[in-house]
Structure formats: structure tokens, C-alpha cells
Amino acid sequence: MVVKQQIEMVEKPFIVKEYRCHTYTCSGCQTKHTASAPEEASSGLFSISLIAFAAYLKGRCHVSFSALKDFFREVLGIVVSPGFLVKQIKKA
């Protein structure tokens, strides 16, 4: 038996999750109440794994912030600013 394996990149190697936190007004006291997002959304736009990936590219691979921004835009299709990436990597 011959076994062959091939690793291929997928078109979009990430999942975008959207959390909608509805706001309601209490009819009794007129106070506005907003539902909270799940704990997994607490890291912000980037998930913990995407923050770690960006930090690895920046720290271990010595990629500049402008090159990192270009990588996210050109390869992953995610448009972010270098300043945003700085804030994300500080979380790592």
C-alpha cells in the first residue's frame, strides 16, 4: 500500500464570529440593560490564537509592523493598521 499526503492552504484560514449584544429598556424603571458578550470575545477583534500568531511573526520572525500589516491584508484578507497590530501584540 502506498500512502501519500499533501498539505494545502485553504482559501480563508480563519472564521469570523459576530456577537450581537442587544440593549433593552426596562418598561418599569426605564433603565437600559445590555447583554454581555461571551468570555471568548473578551480579547477583542483578534482571538487569542491570532494574537499569538501575530506575536510569533513579529518576535521570532522579526517581521516589521508594516510587513505584518501587508501580510494580513494580502494573504489573509484582513485589513488592519500597524497601530492596531502593536496593541494586539502588547496583549501577548
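# Questions on a Predicted Structure

User: Is Gln30 buried or exposed in this model?

Analyst: The model is predicted, and the accessibility of Gln30 is computed from it. A residue counts as exposed when its relative accessible area is over 50%. The relative accessible area of Gln30 is 55%, so Gln30 is exposed.

User: How many disulfides does the model contain?

Analyst: A disulfide is a covalent bond between the sulfur atoms of two cysteines. To be counted here, the two sulfur atoms must lie within 2.5 Å. By this rule the number of disulfides is 0.

User: Which cysteine sulfur is nearest to that of Cys21, and which is nearest to that of Cys29?

Analyst: Cys21 is in no disulfide, and its nearest cysteine sulfur, at 19 Å, is that of Cys26. Cys29 is likewise in no disulfide, with its nearest cysteine sulfur 3.6 Å away. The cut-off is 2.5 Å. For Cys29, too, the nearest cysteine sulfur is that of Cys26.

User: What is the relative accessible area of Cys21, and what is that of Cys29?

Analyst: Partly exposed residues fall between the buried limit of 20% and the exposed limit of 50%. Cys21 is partly exposed, at 31%. Cys29 is also partly exposed, and its relative accessible area is 48%.

User: What distance separates the C-alpha atoms of Ala37 and Cys26?

Analyst: Ala37 is placed in the loop between strand 2 (32-34) and helix 1 (48-59). Ala37 is partly exposed, with a relative accessible area of 39%. Along the chain, Ala37 and Cys26 are 11 residues apart, and their C-alpha atoms are separated by 20 Å.

User: Within what arc do the buried residues of helix 3 fall?

Analyst: The buried residues in helix 3 are Phe84, Leu85, Gln88 and Ile89. Seen down the helix axis, these buried residues line one face of helix 3, because they fall within an arc of 130°.

User: Against which helices do the buried residues of helix 3 pack, and which exposed residues are on the face turned away?

Analyst: The buried residues of helix 3 pack against helix 1 and helix 2 (65-74). On the face turned away from this buried side, the exposed residues are Lys87 and Lys90.

User: Which residues does Gln88 touch, leaving out those up to four places away in sequence?

Analyst: Gln88 is part of helix 3 (residues 82-90). At 3% relative accessibility, Gln88 is buried. Beyond four places away in sequence, the residues that Gln88 touches are Ser43, Phe46 and Ile51.

Definitions and conventions. Residues are numbered from 1 along each chain as its sequence is written. This is a predicted model: local features need pLDDT of at least 70, side-chain atom pairs count only at pLDDT 80 or more; totals for chains, interfaces and linings use all residues. Side-chain values use heavy atoms; hydrogens and water are left out. Buried means under 20% relative accessible area, exposed over 50%, partly exposed in between (1.4 Å probe, protein chains only). Helices (H or I, at least four residues) and strands (E, at least two) are DSSP runs, numbered from the N terminus. Contact means heavy atoms within 4.5 Å. The arc is that of the directions from the helix axis to the C-beta atoms.
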